[in-house]
Amino acid sequence: MTHRHWEVDSICPRCDKVNHVSVPEGETLIRVECEHCTHGYEYTHVVTEHQVVEDRED
């Protein structure tokens with residue numbers, strides 16, 4: 001059985017660094033907690049580009 005999800009690169013509007021995020025397939029509006037900013041800055045990201053990833057569950 002396979003499980004599909006999307007992987008998204010999101011640029012933080014505060015520090016301009018890339019956050020790599022895995023989201024459920026079909027989610028187009030996500031909350032991202034920046035892994036680079038102090039105190040975990042959160043922002044909303046609209047998914048326009050993504051990569052589909054399939055994980056195999058055995």
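**Talking through the model**

Colleague: What relative accessible area does Arg4 have?
Modeller: Arg4 has a relative accessible area of 36%, so it counts as partly exposed. Buried means under 20%, exposed over 50% and partly exposed in between, using a 1.4 Å probe and protein chains only. Please keep in mind that this is a predicted model, where local features need pLDDT of at least 70 and side-chain atom pairs pLDDT 80 or more, while totals for chains, interfaces and linings use all residues. Residues are numbered from 1 along each chain as its sequence is written, and side-chain values use heavy atoms, without hydrogens or water.

Colleague: Which residue forms a salt bridge with Arg4 at 3.2 Å?
Modeller: That is Glu25, with 3.2 Å between the closest N and O atoms. A salt bridge here is a side-chain nitrogen of Lys or Arg within 4 Å of a carboxyl oxygen of Asp or Glu. Arg4 sits in strand S1 and Glu25 in the loop between S2 and S3, so the pair ties together parts 21 residues apart in sequence. Strands are DSSP runs of E, at least two residues, numbered from the N terminus.

Colleague: And where does Glu54 come in?
Modeller: Glu54 also meets Arg4 in a salt bridge, at 3.5 Å from N to O. Glu54 is in strand S5 (residues 51-56) and Arg4 in S1, so this pair ties together parts 50 residues apart in sequence.

Colleague: How many salt bridges does the structure hold?
Modeller: It holds three. One of them joins Arg31 and Glu42, at 3.4 Å from N to O. Arg31 is in strand S3 and Glu42 in strand S4, 11 residues apart. Arg31 counts as exposed at 53%, while Glu42 is partly exposed at 42%.

Colleague: Changing topic, which residues make up the largest nonpolar core?
Modeller: There are 11, among them Trp6, Val8, Cys12, Ile30, Cys34 and Tyr43. Such a core is a set of buried Ala, Val, Leu, Ile, Met, Phe, Trp, Tyr and Cys residues joined through side-chain atoms within 4.5 Å. Strands S1 (2-11), S2 (18-24) and S3 (29-33) each supply at least two of its residues.

Colleague: Is Asn19 buried or exposed?
Modeller: Asn19 counts as buried, at 1% relative accessibility. Asn19 is in strand S2, and a polar atom of its side chain lies 3.0 Å from the backbone nitrogen of Glu35.

Colleague: Last one: what turns up between S1 and S2?
Modeller: They form a hairpin with six residues between them, and Asp16 in the turn has a positive phi of about 65 degrees. The two strands pair in the antiparallel sense over seven bridges, pairing being called when DSSP finds at least two bridges.

How values were computed
Helix = DSSP H or I, 4+ residues; strand = E, 2+ residues; numbered from the N terminus. Polar contact = N/O pair within 3.5 Å; in protein donor to acceptor, adjacent residues only side chain to side chain.
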